[in-house]
Amino acid sequence: MTKHTYVYVTYIVSTPEKVWEALTDPQVSVIYWERETVSDWEVGSAWELRRPGHGVDVVGEVLESDPPRRLAMTWVRPAGHAGVDMACRAAFDIEDAGGKVKLTVTHTDLSDDNLKGVSGGWPAVLSNLKTLLETGGTIPDPFSAR
Amino acid sequence: MANHTYVYVTYILSTPSKVWEALTDAAISASYWERENVSDWKVGSEWQHRLPGKSADVIGQVLVSDPPRRLVTTWEAPSDRGNPETSNRCTFDIEDAGGKVKLTVTHAELSEAALNDVSGGWPAVLSNLKTLLETGKTIPDPFGSLGNRPKT
């Protein structure tokens, strides 16, 4: 089976530290992602993507953690999850680009179904992250149009 | 073969009419793209993409114009019109998604070199468009520091 890679780049008027915090602090991630990103973010630790009131969507292991520059982890479905199986990895590269941050999300080892899912998901998640960091507000019902 | 396609989706707190205006108004496009998009935007008309006061980087034809929902144009190098190796096609789909706009840019018929160029360019252009429409401001030096000046 062919494995796919999905890449999304966005530029955000912010700092690398604030982007790192938004990706790794469950109280911030829940605002724009409707999910808590939970871990101690040490290499080898577990991480979870939790949807409050709906259980855990994704689990995995932290592969790289270099705050505030790079974070990489595996993405797997927890046992018994009803969603499409995934055994993939995602990396966040956060570059200070002079008054703005270049954020690159690279999601690899994707099946056809995974590619379809993340191609719908990342633009909505990352558009809302950018809106939150630049305006303090969020996009209404951010995942309704996926 | 010029058969690559690049797709970028962004959600913007705005209205379809404002997104359409930002794509088709020369003064607004210059503020986030550093280029004026100039045309009467009628099907069959020419459009130009040019640095203010200079000659065009890109010219082409308007293929579909359905304001504020859909705009399709060809992109050609002014010095190389009609060459299928350097001409390509760009579609903007603007969808009202309930308090936000889903903007999908589909740039098709790209050579490998053009795919590389637009993969660097579109994220910078569309990030700045979103910032402008949501905050009224622009990203500092949006194409400067990373060598991502938009090209065709």
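Which residue is the bridge partner of Tyr6(A) in S7(A)? In this predicted model, the partner is His107(A). That pair belongs to the contact between strand S1 (residues 4-12) and strand S7 (residues 101-110) of chain A, which run antiparallel and are joined by 8 bridges.

S7(A) also pairs with strand S6 (residues 87-96) of chain A, again in the antiparallel sense and over 8 bridges. Here Arg89(A) stands opposite Thr108(A) of S7(A). The hairpin of S6(A) and S7(A) has 4 residues between the strands, and Gly98(A) in this hairpin takes a positive phi near 80 degrees.

A further antiparallel pair in chain A consists of strand S4 (residues 55-66) and strand S5 (residues 70-76), joined by 5 bridges. Ser65(A) is placed opposite Leu71(A) of S5(A).

The bridge counts given above are listed here.

| Strand pair (chain A) | Sense | Bridges |
|---|---|---|
| S1 and S7 | antiparallel | 8 bridges |
| S6 and S7 | antiparallel | 8 bridges |
| S4 and S5 | antiparallel | 5 bridges |

Strands of a sheet pair through backbone hydrogen bonds, in a parallel or an antiparallel arrangement. Side chains in a regular strand alternate between the two faces of the sheet.

Technical notes. Residues are numbered from 1 along each chain as its sequence is written. Chains are lettered from A and ligands numbered from 1 in the order in which they are written. This is a predicted model: local features need pLDDT of at least 70, side-chain atom pairs count only at pLDDT 80 or more; totals for chains, interfaces and linings use all residues. Two strands pair if DSSP finds at least two bridges between them. Helices (H or I, at least four residues) and strands (E, at least two) are DSSP runs, numbered from the N terminus.
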